[in-house]
Amino acid sequence: MFTHSLPHTTGVSDSLVIVIGLITVSQHCDPEAKKEQDGGDDKKSASKKKVKELKVLDSKSSQNLSIFLGSFRLPYEEIKNVILEVNEKVLTESMLQNLMKQLPEPEQLSVLGEMKDEYDDLAESEQFGVVMSSHWCLLPRLSAILFKLQFEDLMNNIKPDVVSVTAACEELRKSQNFAMLLQIILLVGNYMNAGSRNARAFGFGISYLCKLRDTKSADQKMTLLHFVPELCQEQYPEVMHSTEELIHVEKASRVSAETLQKNIEQMGRQISGLEKDVETFPPPQSDRDNFVSMAREQYEKVDLMHKSMEKQYEELGKYFVFDPKKISVEEFFGDLNNFRNMFQQAVKENQKRKESEEKIRRAKLAREKAEKEKEEKAKRSQLLDINAEGDETGIMDGLLEALQSGAAFRRKRGPRQAAANRRAGNAVTSILAKELLQDPGPGSSPSKNSKVQEEESKAESPEEAESLEGLLDDGPARSS
């Protein structure tokens, strides 16, 4: 039945075609034949895997190194040349750190170096070890390259810390306002502790400044930390600028003198080791290879700055009377920075409290003024109602109030009325004088006196008569 599926081939017998077809079908249908074929493939892969078995490295180290080489993706010889040439365009800090971490131990590299003849039979990680084993002093060279790449960052981390501590020490020594602030705090403390065993103190520790807020007033609304800036603001306003003068205290509070010392010492050891390694190599061929001399020069400068910083801190300890060996730089400037922040916060809280008190005072005055105006308006409306109704009792109350206040006796007169009153008084005086002078004797006739009186009364001006009438009207008031 297979002959019908095969095409007719010239020059080949039908029997041969049938035999080939049967062999092919038997191979596909016979499980034993298929098993033998698969077994042959497994043997080949097993023999190949057997050849790549690890001989020096352990499985974990080999796996980690293979992962690293897979991410780097460079031929092993090229990696070796990059390290020899110190190609900083290819080499990075992370690459060198990982390579130093995953690199086989020197003993293992030595063993792998003797297996050059078996290179093709070794695993990839061990092949890399064979290539790198020919590199003389590989690990020290990698450390030197890494130090060169990290040197600038190390200097940038060390220098600002040294400068910050040195500047902070100088600011504290030169700040007269901060010294005055400490004197005020000492005086206030002695005043409060009068009569106790803590009275008449000569000084206090810097750490005590942060404890000022623990002393509170009787109403629990203010602390000693709020009272001191309020006192300074009223009587010593120049002291309020003391915290603003301490610019570098915050940065100095973040500096660990111990860590700084270790970093500088480690840098010195690395430079010394690098100088020792360089002595075994030929002299540099160009200026760009003078890294060691440049590093030594910068290290000596930063080391000199660090020694100056330590001297400044020791002098600061003498100035503020504390032991620099017992109180670290971080602790001292940390307490000082905390007080500085607390002092500035207390000033802001005092300002808010005063604004709140001023608002309350203004509201109280406005409320009292409104109540007073309301009462006066009510009184005026009451008087108007009384006058409108014609209530005699209200009139009498108004008159009594005028008598009590004295308004009834303060009668205002115009200038014309006062002059008329004077003229009227003079006229009355002259009339009385004439009457006295013309007093008739025993023999005088009454008709003559009456005639004289009529003529004199006619001679009086109408203005004088009017003034006289006013004066006579005022007579009862004056007599009363």
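Buried residues make up 27% of the 480 residues in this chain. The model is predicted. Its chain has 19 helices and 0 strands. Mean pLDDT is 76, and 69% of the residues reach 70 or more.

**Confidence**

- Helix 1, residues 14-29, has the lowest confidence in the chain, with a mean of 37. Helix 12 has the highest, at 94.
- Residues 1-37 stay under 50 in pLDDT. The model gives this stretch 7 contacts beyond four places in sequence.
- Residues 441-452 are also below 50. Beyond near neighbours in sequence, they have 4 contacts in the model.
- Where pLDDT is low, the predicted coordinates should not be read in detail.

**Overall fold and surface**

- Take the contacts in the chain with a separation of 6 or more: residues 24 or more positions apart account for 73% of them.
- The chain exposes about 33,800 Å². Carbon and sulfur atoms supply 53% of that area.

**Nonpolar cores**

- The largest nonpolar core holds 53 residues. Phe332, Phe333 and Phe339 touch the most other members.
- Seven elements are listed here as giving two or more residues to this core: helix 8 (138-174), helix 9 (176-192), helix 10 (224-235), helix 12 (249-252), helix 13 (257-278), helix 14 (291-320) and helix 15 (329-389).
- Which residues does phenylalanine 339 contact, leaving aside neighbours within four places in sequence? They are Phe178, Leu181, Ile185, Leu209, Cys210, Leu212 and Leu225.

**Cysteines**

- The structure holds 0 disulfides.
- Cysteine 169 is buried, because its relative accessible area of 0% is under the 20% cut-off.
- Cysteine 210 has a relative accessible area of 16%, so this residue is buried as well. Cys210 is one of the contacts of phenylalanine 339.

- Valine 131 sits in helix 7, residues 124-133. Its relative accessible area is 8%, so valine 131 counts as buried.
- Beyond neighbours within four places in sequence, valine 131 is in contact with Tyr76, Glu77, Lys80 and Tyr119.
- Valine 131 and glutamate 77 are 54 residues apart along the chain. Their C-alpha atoms are separated by 6.8 Å.
- Leucine 84 belongs to helix 4. This residue is partly exposed, with a relative accessible area of 37%.
- Leaving aside neighbours within four places in sequence, leucine 84 is in contact with His135 and Arg141. The leucine 84 to arginine 141 distance is 8.6 Å, C-alpha to C-alpha, across 57 residues of sequence.
- Valine 86 lies in the loop between helix 4 (76-85) and helix 5 (93-102). Valine 86 is partly exposed, at a relative accessible area of 25%.

**Positive phi**

- Most residues other than glycine have a negative phi.
- Valine 86 has a positive phi, near 50°.
- Glutamine 220 has a positive phi too, near 65°. This glutamine is found in the loop between helix 9 and helix 10.
- Is glutamine 220 buried or exposed? Glutamine 220 is exposed, because its relative accessible area of 55% is over the 50% cut-off.

**Salt bridges**

- The count comes to 11 salt bridges.
- Lysine 307 and aspartate 303 meet through their side chains at 3.6 Å, N to O. Both lie in helix 14, 4 residues apart, about one turn of the helix.
- Aspartate 303 is buried, with a relative accessible area of 18%.
- Arginine 353 forms a salt bridge with glutamate 357, with the closest N and O atoms 3.7 Å apart. The two are 4 residues apart in helix 15, so about one helical turn separates them.
- Glutamate 357 counts as partly exposed, at 47% relative accessibility.
- Glu230 joins Arg353 and Glu357 in a network of salt bridges.
- Arginine 361 forms a salt bridge with glutamate 358, with the closest N and O atoms 2.6 Å apart. Both are in helix 15, 3 residues apart, so the separation is about one helical turn.
- Arginine 361 is partly exposed at 43% relative accessibility. Glutamate 358 is partly exposed at 28%.

Terms used: Residues are numbered from 1 along each chain as its sequence is written. This is a predicted model: local features need pLDDT of at least 70, side-chain atom pairs count only at pLDDT 80 or more; totals for chains, interfaces and linings use all residues. Side-chain values use heavy atoms; hydrogens and water are left out. A nonpolar core is a set of buried Ala, Val, Leu, Ile, Met, Phe, Trp, Tyr and Cys residues joined through side-chain atoms within 4.5 Å. Buried means under 20% relative accessible area, exposed over 50%, partly exposed in between (1.4 Å probe, protein chains only). Contact means heavy atoms within 4.5 Å. pLDDT is the predictor's confidence in each residue, from 0 to 100. A disulfide is a pair of cysteine sulfur atoms within 2.5 Å. Accessible areas come from the Shrake-Rupley method with a 1.4 Å probe; for residues, only the protein chains shown count as cover. A salt bridge is a side-chain nitrogen of Lys or Arg within 4 Å of a carboxyl oxygen of Asp or Glu.
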